[in-house]
Amino acid sequence: MTGTRLPPPTYPALSYELYPPRNGPAEESLWTTIRRLEDTRPDFVSVTYGAAGSNRETAIHLLKRLLTETTLKPLAHLTCVGSSRAELTEIVERLLGGGVRGILALRGDAPEGIEPRPGDVEHADELVRLIRDVESQRTAQLAAGRVSVGVAAYATRHPDSPSLEQDIEVLLAKEDAGADFAITQVFFQPSDYARLVDRAARAGVSIPIIPGVMPMTSTRRLEKLSGLAGVDVDEALRARLEGARADEDRRRIGVAATVELARAALDDGAPGIHLYTFNEHAAALDVIDALDLERPPQAGLAASL
Ligand code: FAD
């Protein structure tokens, strides 16, 4: 062995969620955001995937550009609802063949009229297994780095779950299936994250659970989120946003609330922070500035080798 031994990284993980743009102008604006976020040297950026593969090609196009035109490492979301096993296998093979090394395995929410067919992958734990199966067929090609598989976790009850206990059992099942880490759905109270981590640890979950936080800079965003994710709106935050006079004030309120949540989660031992950006950089950068997170000296760790 040569060289000096590296100290383990002590900085928290930093990541952003992006969604594939819907048209040309949205793509242009997203790329301004990507370049601004790249300057903060995140550990990865995640790219969402429409349920039933509705935006598959735009998602793949974005992943490809991230891999070839930036220093960023993409985490590809993949949903199983509405896709057959053969389709899922094909997309995982395509992702791995194209150089993607991180996949967030999700169920997704079935669009109206889509019912599972016999043999379909119905839950995220089965999708984790499918990804691991594909990976095991490619061990030689992956000699320089296996695939990291993430899953969703819920700090407040998932709308389809009867209880928080079931959410924890499901998280444990996902870890048992081969998940390496989890990212939480948006939450609003610091105690929600602390409770999730505590219950998960007591149930035997050992994978890191990264808190997902979203700067709520308008009441419209708050309501949209509630509709999309089935998360109850934080009424105190809504009242503060409604009472604000200008967009600038709303941005300050949303950023301050997110910084408070993220700080509390980091104080509770969170391994990092995942920021839902809505493809906008301004509020995300305000949060990162205020958090003053320690980052590696240059993009990735290669510079410190
Ligand atoms: P699952 O883990 O399958 O859980 C879904 C429900 O089924 C839960 O109520 C659970 O308790 C229950 N359940 C789970 N396993 C079993 C089982 N074996 N038997 C019986 N019941 C079970 N959606 C998108 O469409 N695209 C995205 O890109 C996307 N990205 C996301 C990123 C993050 C970080 C998060 C937190 C969510 C994201 N979502 C996305 C939303 C997600 O798809 C929904 O929350 C969906 O309703 C559940 O997905 P899941 O992976 O948690 O499903």
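**Exercise 1. Helix 5 against helix 6**

Task: in this predicted model, how do helix 5 and helix 6 pack, and which residues meet?

Solution.
- Step 1. Take the angle. Helix 5 and helix 6 (residues 190–203) pack at about 60 degrees, and their axes lie 10 Å apart.
- Step 2. Classify the angle. Roughly perpendicular starts at 65 degrees and roughly parallel ends under 35, so helix 5 is oblique to helix 6.
- Step 3. Assign the hand. The crossing of helix 5 past helix 6 is right-handed.
- Step 4. List the contact. Helix 5 brings Leu 164, Glu 165, Ile 168, Leu 171 and Leu 172. Helix 6 brings Arg 195, Leu 196, Arg 199, Ala 200 and Ala 203.
- Step 5. Sort by class. The contact holds 7 nonpolar and 3 charged residues, with no polar ones.

**Exercise 2. Helix 4 and its surroundings**

Task: which residues of helix 4 are buried, and what do they pack against?

Solution.
- Step 1. Check the span. The 13 residues of helix 4 (124–136) reach 18 Å from first C-alpha to last, close to the expected 18 Å.
- Step 2. Pick the buried residues. They are Ala 124, Asp 125, Leu 127, Val 128, Leu 130, Ile 131, Arg 132, Val 134 and Glu 135.
- Step 3. Find the partners. These are strands 3 (74–79), 4 (102–106) and 5 (148–153), plus helices 3 (85–97) and 5 (164–177).

**Exercise 3. Positive phi**

Task: where do Arg 41 and Ala 52 lie, and what is the phi of each?

Solution.
- Step 1. Recall the background. Most residues other than glycine have a negative phi.
- Step 2. Take Arg 41. Its phi is positive, about 55 degrees. Arg 41 sits in the loop between helix 1 (24–38) and strand 2 (44–47). Arg 41 is partly exposed, at 28% relative accessible area.
- Step 3. Take Ala 52. Its phi is positive too, near 65 degrees. Ala 52 sits in the loop between strand 2 and helix 2 (56–69). Ala 52 is partly exposed, at 26%.

Notes: Residues numbered from 1 in each chain as written. Predicted model: local features only at pLDDT ≥ 70, side-chain atom pairs only at ≥ 80, totals over all residues. Heavy atoms only, no water. Helix = DSSP H or I, 4+ residues; strand = E, 2+ residues; numbered from the N terminus. Expected span 1.5 Å × (residues − 1). Buried < 20%, exposed > 50% of the residue type's maximum accessible area, 1.4 Å probe, protein only. Contact = heavy atoms within 4.5 Å. Axes fitted to C-alpha atoms, helices over the stretch in contact; angles between N-to-C directions. Parallel < 35°, antiparallel > 145°, perpendicular 65-115°, else oblique. Left-handed = near helix turned anticlockwise from the far one by under 90°. Nonpolar A, V, L, I, M, F, W, Y, C, P; charged D, E, K, R; others polar.
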